[in-house]
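Have the viewer open as you read.

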Amino acid sequence: MTAQTKKPPLVVAVASGKGGVGKTNVAVNLALELGRLGRKALVVDCDLGLANADILLGLSPSKNISDLLLGRARLGEVIINSGHGFDLLPASSGAAEIVDIESRQERRLLKLLALVFDRYDHVLFDTGAGISSTVLGFNQAAHENILVLTPEPTAITDAYAFIKVLTAQTGPRRFHLFFNMVQNQEEAARIHDSLNQVTQRFLGLELDLLGAAPLDPLLKKSVLARTPLGTLYPDSPAAQAFRRTAAKIETWAPHQALDLARLLSHPAP
Amino acid sequence: MNQVDIERLIEEIKAAGRQVLKLDGQNGWRALGVLLNLEEDESLSRALGMLDLTLPLSPQAWETLEELQRLCHARERDLLKTCLTDQLTGLYNFQHFTAQLDVEVSRVLRTQHPLSVIMLDLDGFKMVNDTLGHQTGNEVLAAVAQVLLDNIRATDLAARYGGDEFAILLPQTSAARALPLAERIRARLAAHKLCNELKVTGSFGLSCFRYLDREDPAQVIEHADQAMYQAKRAGGNQVRVWAADQEKDRGAEVTSEEKGALLKGLDFS
């Protein structure tokens, strides 16, 4: 594909209101399946300070996003091949020096990333849990927002809180719900329906049901093996769910330019 | 362990071809001086840790070594404790409190559990010092520290913030839950007879940091401090909550109406 015909990449933020819902696993496995579909994907670990994409992938990167932000490394040195058909921009794990980056650094990071965006079809932001300004900033910058949740009351109310806060800050957006660890598709459909009614009623917002991965013991095994599920157990029910979801994402097209300008108006924390 | 033991140990180490640089046979941990091929400023436990287990020493010499090692570790523990605590009150010191605050703030961003901070300043403490002397003043501070320790929970952290100011860190605690705790401490302190039937009261300020907050985490201290000054200006012996923390359930927070709608009809059994 030449530079002339290359479409701009689609930037997708993967977020969750609540932590521990398997967000990073979702991001990693979606990128892997996008790779299988012949798409070039980059996962950006935005969970600064508590990163774990590299851990799930069995990698020990020598440089990470903190080095980039602190000017200790160039972008080319930091992005690595995950070995599973996509690239990774790792974050630092446990390093307290950068947990929440200032919006100025966040803009700089996004501008730097924009330089390599052309190499990719899809860029996935694996954003941290919660609603800190850094998390909101990355989600604001993306074209599409995937929200990962599990069928628990806290995950559902936190997902709603996330939608509400981000919408309050940026106006209506497209949210795609991905349900993790569900018993069956009906459970996901039921919760989507319920959540959708509430967002329509209170926020005037329609939510897309993107997909649902069943509770799969093989996922835990893959985490312990530090190898993505899609590589280790490609035929497992959850891996198949990620594959179906990636096929949907593949068809998405950027409906707007990546809005770096909007980030400049991003209110300071 | 006696002088002879150590002398013999040193002889055996020398006989084994190791250099013994500096000796002080007076007592255990100092006797270790700097053993073996280490620089003078390297720590003793490190020197011991580097001792080659294959050294041809007699069983008695090994026993002496192990005893020295125990003394060394005990000494290190004491040193660590001295570094983290305030000598006068036995509470944690300002430095440790600040370090723990950073840790707990990171935890809030990850777990989304709120973190509360209570600042306490004694009322009219200067008068105690001026009229009854610094010795009595010190006794009062130590007694107040004991009241704090007796009334906080195992997961809370009480510190002497400086002078007659104390700070308590309450992880996983909302302002609403921290308030009764602050009230209890206030009441116990007011009822407590300190040395010589002396009574002392305190002004308490309470602030809470939550993951929904977009403010600088460092401000939680500032806010608790300001609330504490409000309590002081209002005459002391009372607890004040930072004003914005009382308002936080509005705005982008999920309302109880929304929460009810979210969970209605969902069966989580």
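Met181(A) sits in strand S7 of chain A, where strands are DSSP E runs of at least two residues and helices are H or I runs of at least four, both numbered from the N terminus. This is a predicted model, so local features need pLDDT of at least 70 and side-chain atom pairs pLDDT 80 or more, while totals for chains, interfaces and linings use all residues. Residues are numbered from 1 along each chain as its sequence is written, chains are lettered from A and ligands numbered from 1 in the order written, and side-chain values use heavy atoms, without hydrogens and water.

Most residues other than glycine have a negative phi.

| Residue | Phi | Relative accessible area |
|---|---|---|
| Met181(A) | about 60° | 31%, partly exposed |
| Arg226(A) | about 55° | 35%, partly exposed |

Buried means under 20% relative accessible area, exposed over 50%, and partly exposed in between (1.4 Å probe, protein chains only). Arg226(A) is in the loop between helix H9 (217-224) and helix H10 (229-232) of chain A.

Now the rings. The whole structure has four aromatic pairs over all chains; Phe, Tyr and Trp rings (six-membered ring for Trp) pair with centres within 6.5 Å, and count as stacked under 30 degrees between planes, edge-to-face over 60 and tilted for the rest. Phe125(A) and Phe138(A) are 5.4 Å apart at their ring centres with planes at 70°, so they're edge-to-face. Both are buried. Phe178(A) and Phe242(A) are stacked, at 5.6 Å centre to centre and 15° between planes. That pair links strand S7 (residues 175-182) to helix H11 (residues 237-250) of chain A, 64 residues apart.
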